[in-house]
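Visitor: Could you show me how to read a protein model, feature by feature?
Guide: Gladly; let us look at it together.

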Amino acid sequence: MFTETIEHTWEAGHSLPHLPGKCASLHGHTWRASITIAAAHLDTSGILVDFGLLKARAKTWIDTHLDHALMLGADDPLMPLLEPGPDGTPTPLATMFLKRGQRLFVFGRDFTDVAWPSVEGVAQLLAHHAHDWLARSTTRRDVYVSQVTVRETDRNSAAWHNPEPPIALHTIAGQGGVAGDIARLILTNAALAAQPAPGVLATASN
């Protein structure tokens, strides 16, 4: 098994007002994401995927949507101050955000799988998009996103792990016999369903 990891850092603020403690206040971090891909073998060039292609796609998306952005949850008490009123008129704060070009990324709205911009939530957000970045960086279909780790400080991080890495099925599907037939059937049904499995989050802190 081979793995390859790309990393990217960005600056962003967030708030977790539903949790006790100082993280309820607006604050910021230098975030670092590590995206790991895996496959059973290298290609004829001796690589898994071109580092440059994969990192460029990850960097472009992160820098466009998250870098120097304010990440909030849709249920954050600050949101009414940043949304237009009932008559559609922007609030003074929303007007100032627009004038400054302040980026706002809302979990539960811009990314509906997670309600709050916790470090775990950011890991799941990037894992969600990493599958697309990988698919557009290679024609290989045996390479998969294995893990996405996001670090908000030197002591706090969270990781998304792929709960169903496809490599074993692809390997078995290339074989004969009943096992190969079953593996090919599973892969065919999975492709038809086109339902990506949710990730499993594992946290590490302190």
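Visitor: In which helix is L93 found?
Guide: L93 is found in helix α3. Helices (H or I, at least four residues) and strands (E, at least two) are DSSP runs, numbered from the N terminus. This is a predicted model, where local features need pLDDT of at least 70 and side-chain atom pairs count only at pLDDT 80 or more, while totals for chains, interfaces and linings use all residues. Residues are numbered from 1 along each chain as its sequence is written, and side-chain values use heavy atoms, with hydrogens and water left out.

Visitor: How many helices and strands does the protein chain have?
Guide: The protein chain has six helices and seven strands. From the N terminus on, their order is β-β-α-β-α-α-β-α-β-β-α-α-β.

Visitor: Is L93 buried, partly exposed or exposed?
Guide: Buried means under 20% relative accessible area, exposed over 50%, and partly exposed in between (1.4 Å probe, protein chains only). L93 has 35% relative accessibility, so it counts as partly exposed. P92, also placed in helix α3 (residues 92-100), is exposed at 71%. Across the 206 residues of the protein chain, 37% count as buried.

Visitor: Which residues of the largest nonpolar core touch the most other members?
Guide: A nonpolar core is a set of buried Ala, Val, Leu, Ile, Met, Phe, Trp, Tyr and Cys residues joined through side-chain atoms within 4.5 Å. Here the largest one has 35 residues, and W10, L66, L126, W133 and V150 touch the most other members. Among the elements that each supply at least two residues of this core are β1 (2-14), β2 (27-39) and α4 (119-135). Helix α4 gives the most, with nine residues. There is also a second, separate core of six residues, including L70, L72, M79 and L82.

Visitor: How are the rings of F105 and F107 arranged?
Guide: Rings of Phe, Tyr and Trp (its six-membered ring) pair if their centres lie within 6.5 Å; planes under 30 degrees apart count as stacked, over 60 as edge-to-face and the rest as tilted. The structure holds five aromatic pairs. In the pair of F105 and F107, the centres are 5.4 Å apart and the planes are at 70°, so the pair is edge-to-face. Both of these residues are buried. F107 and F111 are edge-to-face too, because their centres are 6.4 Å apart and their planes at 85°. Ring pairs link W61, F105, F107, F111 and W133 into a cluster.

Visitor: How many salt bridges are there?
Guide: Side chains of opposite charge can pair when their charged atoms come close. The rule asks for a side-chain nitrogen of Lys or Arg within 4 Å of a carboxyl oxygen of Asp or Glu. The count comes to six salt bridges. One of them joins R32 to E7, with the closest N and O atoms 3.0 Å apart. That pair links distant parts of the chain, with R32 in strand β2 and E7 in strand β1, 25 residues apart.

Visitor: Which parts does the salt bridge of E83 and R109 tie together?
Guide: E83 and R109 meet at 2.6 Å, N to O. E83 lies in the loop between α2 (79-82) and α3, and R109 in the loop between β4 and α4, so the pair ties together parts that are 26 residues apart in sequence. A network of salt bridges links E83, R109 and D110.
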